[in-house]
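Here are my notes on the model you sent over. Please read them with the coordinates open.

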Amino acid sequence: MATPAVTTDEVEEDASELKFSAEFENAETLLISEVHMLLEHRKQQNENAEEEQELSEVFIKTLNYTKRFTKFKNKETIGAVRTLLTKKKLHKFELASIANLCPEMAEEAKSLIPSLERFDDEELQQLLEDIKTKLSFQY
């Protein structure tokens with residue numbers, strides 16, 4: 001059985017080395033909290049419409065998932081965390097992963113997101129502490 005040839009355009013994906021296909025490289029990442037806000041907004045639009053339509057099962061399940069795993073409660077906190085992470089020159093995969101998982105310790109972050117090994121523990125720990133501070137000041 002012949003194996004398919006890999007063209008030069010195809011990249012073997014490996015998140016630990018930040019290797020992604022071209023379609024991912026050109027896409028923007030959203031935090032679970034951002035997806036939750038978008039879905040809530042869509043739900044509100046639907047409820048306020050003259051002719052309310054039934055939301056799909058997938059929509060409801062996704063909304064419930066995001067509600068369960070959202071970390072940030074408002075746009076201001078999301079913006080502050082995004083700004084904080086963007087300043088550290090993180091890949092968008094790393095940025096979304098850190099914000100979605102909110103690891104407490106540098107060692108935990110590196111275990112969950114191996115590409116973070118390039119940061120020293122102190123620098124990464126300070127970043128995680130800064131995120132924790134932003135979380136504690138949410139309203």
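**Notes on the helix packing**

The crossing of α2 and α4 is left-handed. Keep in mind throughout that this is a predicted model.

1. **The α2/α4 pair.** Start with the residues that touch. From α2 come S33, E34 and M37, and from α4 come K75, I78 and R82. Sorted by class, the contact of α2 with α4 holds 2 nonpolar, 1 polar and 3 charged residues. The elements themselves are helix α2, residues 32–48, and helix α4, residues 75–87. Their axes come within 10 Å and cross at roughly 150 degrees. Angles over 145 count as roughly antiparallel, and α2 and α4 are therefore roughly antiparallel to each other.

2. **Overall make-up.** The protein chain has 7 helices and 0 strands. In sequence order the pattern reads α-α-α-α-α-α-α. The radius of gyration is 18 Å, well over the 14 Å that the globule rule gives for 139 residues, so the chain is more spread out than a compact globule. Along the principal axes, the C-alpha atoms fill a box of roughly 55 × 50 × 20 Å.

3. **Burial and contact range.** What share of the 139 residues counts as buried? The value is 32%. Now the contacts. Take those between residues at least 6 apart in sequence: 64% of them join residues at least 24 apart.

4. **Helix α5 is enclosed.** This helix covers residues 92–101. Of its 10 residues, 8 are buried, so α5 is largely enclosed by the rest of the structure. The buried set is K92, E94, L95, A96, S97, I98, A99 and N100. K92 and E94 count as charged, and both are on the buried list. Which helices do the buried residues of α5 pack against? They are α1 (22–25), α2, α4 and α7 (121–136).

5. **The α4/α5 pair.** The axes of α4 and α5 come within 10 Å and cross at roughly 135 degrees. That makes α4 oblique to α5. The crossing of this pair is right-handed. On the α4 side the contact uses V81, R82, L85 and T86; on the α5 side it uses L95, I98 and A99. The class count is 5 nonpolar, 1 polar and 1 charged.

6. **The α4/α7 pair.** Here too the axes come within 10 Å, and α4 and α7 cross at roughly 170 degrees. The two helices are therefore roughly antiparallel to each other. T77, A80, V81, L84 and L85 of α4 meet L127, D130, I131 and K134 of α7. By class, that contact has 6 nonpolar, 1 polar and 2 charged residues.

7. I78 is one of its residues in the contact with α2. R82 is listed in the contact with α2 and again in the contact with α5. V81 and L85 take part in the contact with α5 and also in the contact with α7. For reading these lists, recall the helix geometry. An α-helix has 3.6 residues a turn, so residues three or four places apart point the same way.

8. **V35 in α2.** V35 is placed in helix α2. At 25% relative accessibility, V35 counts as partly exposed. Leaving out residues up to four places away in sequence, V35 touches L30 and T66. What separates V35 from L135? They are 100 residues apart in sequence and 18 Å apart in space, C-alpha to C-alpha.

9. **Positive phi values.** L18 has phi near 60 degrees, a positive value in a residue other than glycine. L18 sits in the segment before α1 and is partly exposed, with a relative accessible area of 21%. K89 has phi near 55 degrees, again positive in a residue other than glycine. Is K89 buried or exposed? At 70% relative accessibility, K89 counts as exposed. Its place is the loop between α4 and α5. Just after α5, C102 takes a positive phi of about 45 degrees.

Note on methods. Residues numbered from 1 in each chain as written. Predicted model: local features only at pLDDT ≥ 70, side-chain atom pairs only at ≥ 80, totals over all residues. Heavy atoms only, no water. Axes fitted to C-alpha atoms, helices over the stretch in contact; angles between N-to-C directions. Helix = DSSP H or I, 4+ residues; strand = E, 2+ residues; numbered from the N terminus. Parallel < 35°, antiparallel > 145°, perpendicular 65-115°, else oblique. Left-handed = near helix turned anticlockwise from the far one by under 90°. Contact = heavy atoms within 4.5 Å. Rg over C-alpha atoms; globule rule 2.2 N^0.38 Å. Buried < 20%, exposed > 50% of the residue type's maximum accessible area, 1.4 Å probe, protein only.
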